[in-house]
Amino acid sequence: MAVPVRFASRLMLVLALVGVVPVLLLGGLASRANRDELLRLVGGLQTQAATDLARSCSQLVLTGVDNLRMAAGYLPLETLRAQEASAVLSIPLRQLGSLNLLVLVDGQGRAIAPAVFSSEREGEGSRQRVTEDSLALFSRQAPVRDALSIGAAIGPPYRTPGSSGGRVALAVRADEEASRLLLAELSLAEMGKRVEELTREGGLAFIVDAQGVPVASPPERQLSEEERGLVAEGLARGGPVVRTVLGVDGIEYLAAFAPVPNLGWGAVVGRKASMAFAPAEHVRRSTFFWALMALAATGVLGFVLARGVSQPVARLSEGVAALAEGRYDQRVPQEGRDELGLLARSFNHMADELQRRDAELRRWSEELRQRVDERTRQLREAQDQIARTRRMAALGSLSAGIAHELNNPLTGILGLLSLACEEVPAQSGVGQSLTMALEQARRMARIIRELSQLAEQERAGAGRPLDPSQPVRAALHELRDDFQSRGVSLSCELNEPVPRVLGHADQLQKVVTNLLRNALTAMPGGGTLSVGLAAVEGDAVCLSVKDTGKGIPESMRERIFDPFFTTKDEPERVGLGLSVAHRIVEAHHGRIRVESAEGLGTTITIILPAAGGEAHLT
């Protein structure tokens with residue numbers, strides 16, 4: 001649809017430049033001018049409110065210091081005894097309603113008498129309730145050293161959980177020569193009430209200390225990233241700062257910061273930006289409304305002008321897009337005898353030709369793909385078979401040589417070791433060593449015997465027809481004691497009758513025995529072993545051995561039929577069991593398949609052709 005979009009876009013662009021752009025430009029300029037003016041006026045009001053709140057906070061704290069200094073001046077603090085301190089300090093505590101507690105300490109900050117505080121509940125007046133936690137905070141924040149050096153000091157503010165106003169620890173010295181200090185906790189609950197009044201009806205207000213930590217704010221309210229940035233800028237500048245910030249509630253505020261004189265704190269007051277900039281927002285909405293009206297008029301006019309040309313070209317463009325997507329059934333209406341009609345007829349003819357040629361190409365491609373896949377599969381199987389046959393042939397030759405060269409000497413060694421074990425006491429050190437040597441020699445004989453089987457399979461011949469369930473039952477009977485000793489439960493499904501197979505019973509029994517031994521080794525802690533034998537459509541026999549052991553890792557599955565490869569932890573296993581089984585199954589023109597998931601067990605399936613089958617299984 002490139003042609004109609006380009007034509008319509010050009011027409012719409014010209015009409016938009018005439019009717020829409022001027023409206024948007026003038027409206028945007030007017031909205032920006034109104035917003036800047038409102039920012040100046042409303043921001044100035046918020047700055048004045050923040051300055052008033054900061055001055056009130058400074059006046060409250062400094063008045064508290066002056067009142068505490070006056071109380072220390074007219075009370076005989078230096079001569080008071082411990083039992084008199086509480087009664088004396090209760091007098092200024094009742095007079096000074098903004099103090100939560102008073103306590104008299106010595107020059108090392110140790111209390112001469114217990115702290116005196118009012119029994120009023122929190123919320124009555126401007127006092128706050130004194131608790132063990134608040135006393136602990138007060139003792140840590142009390143500026144004892146500063147008061148001893150300069151006569152009077154104000155500690156950093158702190159808050160208790162759930163309160164809107166903080167607290168400040170104050171300290172004054174009784175007189176210039178006195179060694180005792182009068183400590184007081186000043187309540188900022190009055191500032192908390194002022195903050196709550198300012199936050200009503202969508203307002204924003206809070207007081208922070210010199211580190212930007214809220215001192216007076218609504219309970220449990222946290223500062224957003226932008227609010228902390230405003231506070232940090234104001235504290236660093238030491239003067240008023242006005243800008244819009246996004247609160248933790250997701251609402252945008254026009255906020256002003258003002259420093260608290262003499263304390264290094266700061267006060268922030270703001271109101272919702274939607275309320276502050278409501279007139280500018282009204283201008284912006286009006287601008288968008290008239291811009292939409294102009295855009296609608298432009299669309300109607302452009303539609304009327306472009307319809308006569310854009311519709312035929314649009315249908316042709318849709319046909320081209322359908323061809324690109326492979327949809328050849330869509331045709332363009334052939335209307336009129338002009339150039340567009342001739343173009344539509346040419347396009348339909350081209351679509352017919354493309355559909356015919358695409359069908360031929362798809363048919364040829366599918367046939368070629370099937371042939372390539374089939375040849376690739378056959379080549380891969382042939383390569384795997386050749387490689388396995390070469391390995392097994394080489395191993396058979398090696399096995400024959402090893403068996404021939406080592407059997408006779410090893411037989412002599414076994415005989416001599418047996419005679420030596422009979423003559424030497426079994427409990428002696430020499431007897432134990434001879435017993436171990438005899439066991440290892442027998443193990444060597446077993447390995448040589450298994451290697452010899454690889455070479456014997458080449459000369460075994462075709463065999464004779466037999467019932468496949470007989471070697472399976474014989475192998476199960478041979479290992480029945482091992483099942484019980486290892487705690488393995490056996491499940492057998494030997495469906496009968498099954499077709500007879502052509503082969504050697506002893507070799508097939510050897511295959512089943514090796515598979516069962518592998519399954520037992522994979523379940524050292526016990527498990528379930530399932531053995532099944534069934535017919536496959538009357539032309540083959542399927543034998544399956546399934547265990548619930550630890551399984552075979554995916555990275556090792558391709559090597560499990562290689563000679564001397566094993567995943568077992570038992571030292572007597574040499575890794576020839578599956579190799580021998582695979583060789584015997586191939587000699588019987590069968591297939592062996594392994595399915596395993598690590599940690600979920602292993603299933604080995606053997607498929608043997610029924611007796612009389614002429615073709616090998618594939």
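## A loop residue to start with

Asparagine 262 is exposed, with a relative accessible area of 67%. Here, exposed means over 50% relative accessible area, buried means under 20%, and partly exposed lies in between (1.4 Å probe, protein chains only). You will find asparagine 262 in the loop between strand E9 (252-259) and strand E10 (266-272). Helices (H or I, at least four residues) and strands (E, at least two) are DSSP runs, numbered from the N terminus.

Asparagine 262 has a phi near 70 degrees, which is a positive value in a residue other than glycine. Most residues other than glycine have a negative phi. Histidine 589 also has a positive value, with phi near 60 degrees. Histidine 589 sits in the loop between helix H15 (577-587) and strand E16 (591-597), and at 36% relative accessibility it counts as partly exposed.

## About the model and the whole chain

This is a predicted model, in which local features need pLDDT of at least 70 and side-chain atom pairs count only at pLDDT 80 or more, while totals for chains, interfaces and linings use all residues. Residues are numbered from 1 along each chain as its sequence is written, and side-chain values use heavy atoms, with hydrogens and water left out.

The protein chain has 15 helices and 17 strands. Of its 618 residues, 40% are buried. Now look at contacts (heavy atoms within 4.5 Å). Among those between residues at least 6 apart in sequence, 63% join residues at least 24 apart.

## Salt bridges

How many salt bridges does the structure hold? There are ten. A salt bridge is a side-chain nitrogen of Lys or Arg within 4 Å of a carboxyl oxygen of Asp or Glu. One of them links the side chains of aspartate 373 and arginine 369 (2.9 Å, N to O). These two residues are four apart in helix H10 (residues 339-423), so about one helical turn separates them. Aspartate 373 is partly exposed, at 40% relative accessible area, and arginine 369 is partly exposed too, at 43%.

The side chains of aspartate 106 and arginine 110 form another salt bridge (3.4 Å, N to O). Glutamate 595 is partly exposed at 46% relative accessibility, and arginine 593 is partly exposed at 36%.

Which two helices cross at roughly 45 degrees? They are helix H12 (residues 469-478) and helix H14 (residues 505-522), and their axes come within 8 Å. Axes are lines fitted to C-alpha atoms, for helices over the stretch in contact, and angles run from 0 to 180 degrees between N-to-C directions. H12 and H14 are therefore oblique to each other. Angles under 35 degrees count as roughly parallel, over 145 as roughly antiparallel, 65 to 115 as roughly perpendicular, and the rest as oblique.

Residues of H12 in this contact include Pro471, Val472 and Leu476, while those of H14 include Leu508, Val512 and Leu516. By class, the contact of H12 with H14 has nine nonpolar, two polar and two charged residues. Ala, Val, Leu, Ile, Met, Phe, Trp, Tyr, Cys and Pro count as nonpolar, Asp, Glu, Lys and Arg as charged, and the others, Gly among them, as polar.
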